[in-house]
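Okay, thanks for coming, everyone. I'd like to walk you through one model today, so let's get it up on the screen.

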Amino acid sequence: MGLRKDIWRVGISNVPLDAIIEDGCVRADPVAWLPALKPFQFMADPFGFWKDDILYVFVETFDYRTRHGIIEVFLYDTGFRLLEQRVALSEPWHLSYPFVFEADGAIWMLPEAYHSGKLTLYRAQSFPDVWEPACVIDLGPDVAVDATPFYHDGLWWLFYTPASKPPKPVGELHLAFAEQLHGPWTRHPGNPVRLHSASTRPGGTPRVLRGQVMLPVQDCSWTYGGAIRPLWFEKLTPEHVVTHAGSRIKIPEDFSPYTEGMHTLSAAGAVTVFDVKRTELSAHGLSIELMRETRKILQKLC
């Protein structure tokens, strides 16, 4: 338990992800911000999807009182005017990182849900807010965190960090590959393909830039979600992986006080959605944690 809480805010930049990576910064203008939430709540992990000139921004919505995340979706027109807000997916377990993409004539969501003990791929039954489990991606003993799929050179690739308790002091990047989205998936023989807290946890949409696969990754070397870096794959085959990390993507001072971190940077056509954070120091925040822990103890006793 602690007094300081991460509070995340989601923005829409009218600049393509490729340009942000090349510039090395998110531009301060123009940015459309998603609505603010109540105290001790936040939205994070945004992924965007265009359909019929509507931008659907999927986010994790989190409340420190319950420590339970759900997936919501915000609908915007081409002028970035908010049209509607809906709950997209809710489960008994915590959900985050709603990676939404189109493949094989369907729209899919692969949210992070390691508290469920598995990685479930959902298919849109009625986009954007009715989803059905399509399959469980089997990664053997690994329970994936922030799993990020990407089709490249005739194979589906999955970038992920394996969950561990307690968390490992050094981050690990693992890969798996498959010929079909549903699998079967093969874990890369070189796993972990990268070891470094500054450049291993996936944090956005993979792209092919400069002839290389680029994956946005979190820099957690000094704080959780401290920054996003591009991770470049000089070689990506079922036998060999060679990577190097680029510099941190800068956050404009104009975003103040949300300048203490960024841990998702994802492409949605010609726009980019991202999250940035501030930290909140509050005795009330500690009281929330104490009440939550007391409730858990009482539930066990009953």
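Predicted model: local features only at pLDDT ≥ 70, side-chain atom pairs only at ≥ 80, totals over all residues.

Residues are numbered from 1 along each chain as its sequence is written, and side-chain values use heavy atoms, with hydrogens and water left out.

Back to the rings. The structure holds 18 aromatic pairs. One of them is F101 with W156, a tilted pair at 5.9 Å centre to centre and 55° between the planes. That pair links distant parts of the chain, with F101 in strand 7 (residues 96–103) and W156 in strand 12 (residues 155–162), 55 residues apart. When I say strand, I mean a DSSP run of E with at least two residues, numbered from the N terminus. Both F101 and W156 are buried, and for us buried is under 20% relative accessible area, exposed is over 50%, and partly exposed is in between (1.4 Å probe, protein chains only).

Strand 12 also brings in F159. The ring centres of F159 and F233 are 5.3 Å apart with planes at 55°, so that pair is tilted. F233 sits in strand 19 (residues 227–236) and F159 in strand 12, so the pair ties together parts that are 74 residues apart in sequence. F159 is buried at 0% relative accessible area, and F233 counts as buried at 2%.

On to the sheets. Two strands pair if DSSP finds at least two bridges between them. Four strands make an open antiparallel sheet in the order 3-4-5-6. Strand 3 (41–51) and strand 6 (82–89) are at the edges with a single partner strand each, so one side of each has no neighbour in the sheet. Strand 5 (residues 68–76) pairs with strand 6 over six bridges, antiparallel, and V73 stands opposite R86 in strand 6.

So what about the end of the chain that pairs with strand 1 (4–13)? Strand 1 runs antiparallel to strand 22, joined by 10 bridges, and S13 stands opposite T272 there. Of the 11 residues of strand 22 (residues 271–281), 10 are buried, so the rest of the structure largely encloses that strand. Strand 21 (residues 264–268) also joins strand 22, antiparallel, through five bridges. In that hairpin two residues lie between the strands, and G269 takes a positive phi near 65°.

Last stop, the largest pocket. Which residues are closest to its centre? Of the 37 lining residues, they are Y114, V145, P167, R201 and Y224. The largest share of that lining, three residues, comes from strand 3. A pocket here, on a 1 Å grid over the protein atoms alone, is an open set of points where a 1.4 Å probe fits, with protein on both sides within 12 Å along at least five of seven lines, and lining residues have an atom within 4 Å of a point.

Note on methods. Phe/Tyr/Trp six-rings, centres within 6.5 Å; stacked < 30°, edge-to-face > 60°.
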